[in-house]
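Trainee: Could you walk me through this one before I set anything up?
Mentor: Gladly; ask as you go along, and we will take the chains one after the other.

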Amino acid sequence: MAVCWLFLRRVAAARACQSLVTPRASWRPLCTGPPRRAFAKELFLGKIEKKGVFPFPEMDQDELNEINQFVGPVERFFTEEVDSGKIDREGKIPDDTLEKLKSLGLFGMQVPEEYGGLGLSNTTSIRLGEILSLDGSIAVTLVAHQALGLKGIISFGTEAQKAKYLPRLASGEHIAAFCLTEPASRNNTGSIRTRATLSEDETHYVLNGSKVWITNGGLAEIFTVFAKTKVVDSDGSVKDRITAFIVERDFGGVTNGKSGDKLGLRGSNICEVHFENTRVPVANVLGEVGGGFKVAVDILNSGRFSLGSIMAGMLRKLIELTAEYACERKQFNRTLSEFGLIQEKFALMAQKVYAMESMSYLTAGMLDHPECPDCSIETAVVKVFSSESAWQCVSEALQILGGLGYMRNHPHERMLRDARALLLLEGTNEILRMFIAVTGLQHAGLVLTPRIKQLKGNSMAVVMETISQRLWDTLGGTVDLGLTGNSGVVHPRLQDSAAKFEENVHCFGRTVETLLLRFGKTIVEEQLVMKRVANVLINLYGMTAVLSRASRSICIGLPDHDHEVLLASTFCAEAYFQNLFSLSQLDKHDPGNLDEHIKKASKYILEKRTYVCSHPLDRTS
Amino acid sequence: MAELRALVAVKRVIDFAVKIRVKPDKTGVVTDGVKHSMNPFCEIAVEEAVRLKEKKLVKEIIAVSCGPVQCQETIRTALAMGADRGIHVEVPAAEAERMGPLQVARVLAKLAEREKVDLVLLGKQAIDDDCNQTGQMTAGLLDWPQGTFASQVTLEGDKLKVEREIDGGLETLRLKLPAVVTADLRLNEPRYATLPNIMKAKKKKVEVIKAGDLGVDMSSKLTVVSVEDPPQRVAGVKVENTEDLVAKLKEIGRI
């Protein structure tokens with residue numbers, strides 16, 4: 001009895017303390033990190049790192065004027081001179097189109113000015129990316145050249161390497177390709193088999209191996225190649241580590257196969273590249289010997305987020321084209337645009353484009369900021385969301401056109417085929433979801449480990465605190481993470497959506513903690529759990545971006561900001577309910593969680609390697 | 001090898017691909033938030049000047065535009081195409097709406113004298129007002145010879161041979177310099193302003209002056225009474241034979 005009473009007093013005390021302190025301040029992490037915390041990572045802790053995300057990054061007028069100057073000629077070129085249908089049918093980008101692209105300066109957008117490039121910021125580059133999207137094959141060729149092929153030289157190259165290679169890459173005289181993937185290691189970078197052996201006299205490496213799915217493989221002169229090299233560790237042991245190399249086709253032994261016969265992006269050149277006893281001078285090691293993994297990850301992270309704006313640009317044009325059709329075509333004596341199911345599709349497309357644009361430019365703003373935090377999660381989120389939304393939206397647009405959409409003389413079918421590739425390229429969306437979840441959980445885990453140890457070690461005070469907080473949550477305590485109110489960063493008109501967002505974030509933080517408690521390190525094996533975690537985070541980032549952008553639009557009075565508010569709140573409401581559903585499924589005892597059933601069913605199917613059920617017409621006698 | 005100096009006038013107009021909408025108060029068309037670009041004929045004029053420079057026949061190209069501050073974008077495009085420097089004659093937006101060919105011609109004439117140019121190049125007309133007057137008026141004010149609707153321009157010593165596209169066919173004139181030339185569609189195909197050139201153009205100088213500084217009278221004796229949509233096209237009527245045609249025409253009072 002006395003113990004019980006003591007227990008209750010403690011709960012009351014803890015709760016009293018709790019009521020004075022908002023959930024956010026109740027456990028401050030041991031802050032030894034860099035001053036600018038990565039936004040997405042902090043969401044895993046149930047925190048909203050407002051700096052850098054609110055207000056929505058704004059460009060100064062001069063830079064904006066410059067971008068607008070750039071947009072004009074590029075847009076004109078694409079509308080007047082690029083025949084996407086022809087490129088798709090012939091499976092090749094015509095030589096003179098490539099030449100014009102080079103002279104326009106599009107091959108050196110991100111190369112610094114002193115090396116002959118345009119030195120454009122991430123934001124400007126993705127703005128131009130919106131126009132490149134008018135042809136998928138051209139977009140992919142340019143992205144593979146710049147964001148992947150030569151990015152490594154810009155980020156990790158020595159002065160000598162930059163001076164030697166960048167000028168001709170910027171002018172387009174040489175094209176670059178990124179060679180990481182191999183037949184046996186399509187997603188698992190660590191398992192690549194291409195080998196670079198240091199020569200006896202230590203002047204060069206001899207490179208041997210095969211790479212597959214290399215964009216621009218047949219066109220490139222300069223390759224960023226990843227190979228295993230023997231490295232002597234600090235403890236004296238010899239290990240196999242990945243090293244990045246700049247390889248010139250002229251080094252000899254470099255051959256490539258024919259460009260694959262693809263479903264979409266048929267104008268792009270994607271093929272196998274083989275290296276046979278290729279001699280690579282020691283001076284061509286990119287970054288440190290043995291430091292190739294980091295080089296690869298860095299390049300991939302920054303390369304993939306440009307897909308967001310590329311998709312947004314394409315979808316905007318598509319919405320225009322399709323709306324024109326829907327408002328002209330009549331059935332049952334009414335235009336298509338009067339029917340609810342058609343209207344729904346347009347609202348969906350507009351919402352997705354709005355979210356995609358907001359996320360892309362928010363991320364670009366972060367990457368352009370001098371205190372650039374680690375945006376690897378954000379860039380992955382942009383890629384996953386944009387590729388899946390694009391696939392969905394192009395499909396809906398095609399559907400609106402009905403039979404006409406299915407015909408090859410309309411662009412929709414080509415755009416659908418092109419869009420499908422994005423779910424696979426630059427990291428499949430499944431891998432990226434796992435990456436998002438693992439990176440975030442690792443970050444949270446690092447911060448929460450002391451607490452979790454204490455919880456597991458039955459530290460009374462911590463246990464009490466936790467119980468009381470959960471009680472607070474279940475009894476409907478409101479969450480205030482500082483987005484609205486007097487010092488709020490979100491406009492009052494978006495108050496409801498902001499509240500939903502804060503609630504989701506708070507719940508997410510709690511759920512992450514529970515999951516870490518429940519699974520510990522084994523969580524990396526639970527893909528279905530991690531998928532939900534990633535989905536929630538993707539939605540949260542989307543909500544952040546639309547809230548930030550819409551707030552700014554209202555505050556500065558952009559035209560049609562009411563429409564933006566509508567799109568933003570609809571997106572947030574949908575995302576909110578989706579998140580609640582995912583989060584509830586992450587609960588251990590959730591009846592809606594069918595993971596065990598799914599695993600059981602698939603296990604049986606995969607054991608038998610076929611669909612197992614008896615045929616409906618089968619009899620037993 | 002003549003060391004000529006050329007003045008090219010460029011106009012910022014609503015982009016040709018935009019669907020024009022008349023303002024509800026009928027005072028003009030909607031320009032807010034609408035895409036603008038350089039008048040296509042002005043682009044052809046700039047291109048011709050740049051080609052003459054590349055042939056080393058022209059030493060310096062000055063691009064000029066009259067209007068509100070956004071005109072500087074158009075001047076920058078001309079610089080990116082190859083002009084050497086720009087002059088922006090700043091006219092506030094409200095006044096710019098009332099500005100017509102005569103006022104612009106007065107400005108260009110004054111500038112041509114001030115800059116001591118040998119050649120003034122313009123587009124034959126602007127796609128917003130279709131006036132087709134500025135070039136001609138400028139020549140008149142300067143008392144210079146003019147070659148309008150040019151489809152080919154060749155320099156011959158101190159004379160300019162201009163082939164003109166006229167209704168009857170092609171007319172070739174020989175003009176003594178200094179002269180005014182207006183560009184027609186088939187004179188050349190303008191180049192794209194490449195991104196590297198746009199960046200280089202940032203370093204080129206653009207001088208901003210006011211019309212008053214040139215001593216030009218910007219007043220106009222014209223006022224726009226109203227701007228309306230053209231009437232909707234009504235369906236035509238098919239007739240069987242000539243008698244019917246005559247009867248129908250009499251019916252609607254046309255004959």
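This is a predicted model: local features need pLDDT of at least 70, side-chain atom pairs count only at pLDDT 80 or more; totals for chains, interfaces and linings use all residues.

Trainee: Which residue in strand 11 of chain B is the bridge partner of G86(B)?
Mentor: The partner of G86(B) there is V206(B).

Trainee: What is the strand order of the open sheet in chain B?
Mentor: The order is 9-8-7-10-6-1-4-5-11, which makes an open sheet of nine strands with mixed pairing. Strand 9 (169-176) and strand 11 (206-210) of chain B stand at the edges with a single partner strand each, so each of them has one side without a neighbour in the sheet. From one strand to the next, the twist averages 30°.

Trainee: And what does UniProt list for residues 26-218 of chain B?
Mentor: The UniProt record, an unreviewed entry, gives "domain: Electron transfer flavoprotein alpha/beta-subunit N-terminal" for residues 26-218 of chain B. Over that span the chain is 33% helix and 32% strand, with the end C-alpha atoms 24 Å apart.

Trainee: Where does P178(B) lie?
Mentor: P178(B) is in the loop between strand 9 and strand 10 (179-183) of chain B, and the peptide bond that joins L177(B) to P178(B) is cis, with omega about 0°.

Trainee: What about the phi of D560(A)?
Mentor: D560(A) is not a glycine, yet its phi is positive at about 60°. This residue lies in the loop between helix 19 and helix 20 of chain A.

Trainee: How do helix 19 and helix 20 of chain A pack?
Mentor: Helix 19 (residues 527-556) of chain A and helix 20 (residues 561-585) of chain A have axes 9 Å apart and pack at an angle of about 160°, and they are therefore roughly antiparallel to each other. The crossing of helix 19 and helix 20 of chain A is left-handed, and their contact has 14 nonpolar, nine polar and three charged residues.

Trainee: At what angle do helix 12 and helix 13 of chain A cross?
Mentor: Helix 12 (residues 340-368) and helix 13 (residues 376-401) of chain A cross at roughly 155°, and their axes come within 9 Å. Helix 12 and helix 13 of chain A are therefore roughly antiparallel to each other, and their crossing is left-handed. The residues of this contact between helix 12 and helix 13 of chain A divide into 16 nonpolar, seven polar and four charged.

Trainee: Where does UniProt place its domain features on chain A?
Mentor: The unreviewed UniProt entry puts "domain: Acyl-CoA dehydrogenase/oxidase C-terminal" at residues 290-437 of chain A, a span that is 78% helix and 3% strand, with its end C-alpha atoms 27 Å apart. Over residues 492-610 of chain A the chain is 79% helix and 0% strand, and the end C-alpha atoms are 56 Å apart.

Trainee: What does the domain assignment give for chain A?
Mentor: The assignment gives domain 1 (176-292) and domain 2 (430-605) of chain A, and the C-alpha centres of domain 1 and domain 2 of chain A lie 40 Å apart.

Trainee: One last thing: how many bridges join strand 2 and strand 3 of chain A?
Mentor: Strand 2 (residues 195-198) and strand 3 (residues 204-215) of chain A run antiparallel and are joined by four bridges, and T197(A) stands opposite V206(A) in strand 3 of chain A. Strand 2 and strand 3 of chain A form a hairpin with five residues between them, and E202(A) in the turn has a positive phi of about 60°.

Terms used
Residues are numbered from 1 along each chain as its sequence is written. Chains are lettered from A and ligands numbered from 1 in the order in which they are written. Side-chain values use heavy atoms; hydrogens and water are left out. Axes are lines fitted to C-alpha atoms, for helices over the stretch in contact, and angles run from 0 to 180 degrees between N-to-C directions. Helices (H or I, at least four residues) and strands (E, at least two) are DSSP runs, numbered from the N terminus. Angles under 35 degrees count as roughly parallel, over 145 as roughly antiparallel, 65 to 115 as roughly perpendicular and the rest as oblique. A crossing is left-handed if the near helix is turned anticlockwise from the far one by less than a right angle, and right-handed if clockwise. Ala, Val, Leu, Ile, Met, Phe, Trp, Tyr, Cys and Pro count as nonpolar, Asp, Glu, Lys and Arg as charged, and the others, Gly among them, as polar. UniProt positions are given in the numbering used here, feature names are shortened, and annotations may be inferred rather than shown by experiment. Domain bounds come from an automatic or database domain assignment. Two strands pair if DSSP finds at least two bridges between them.
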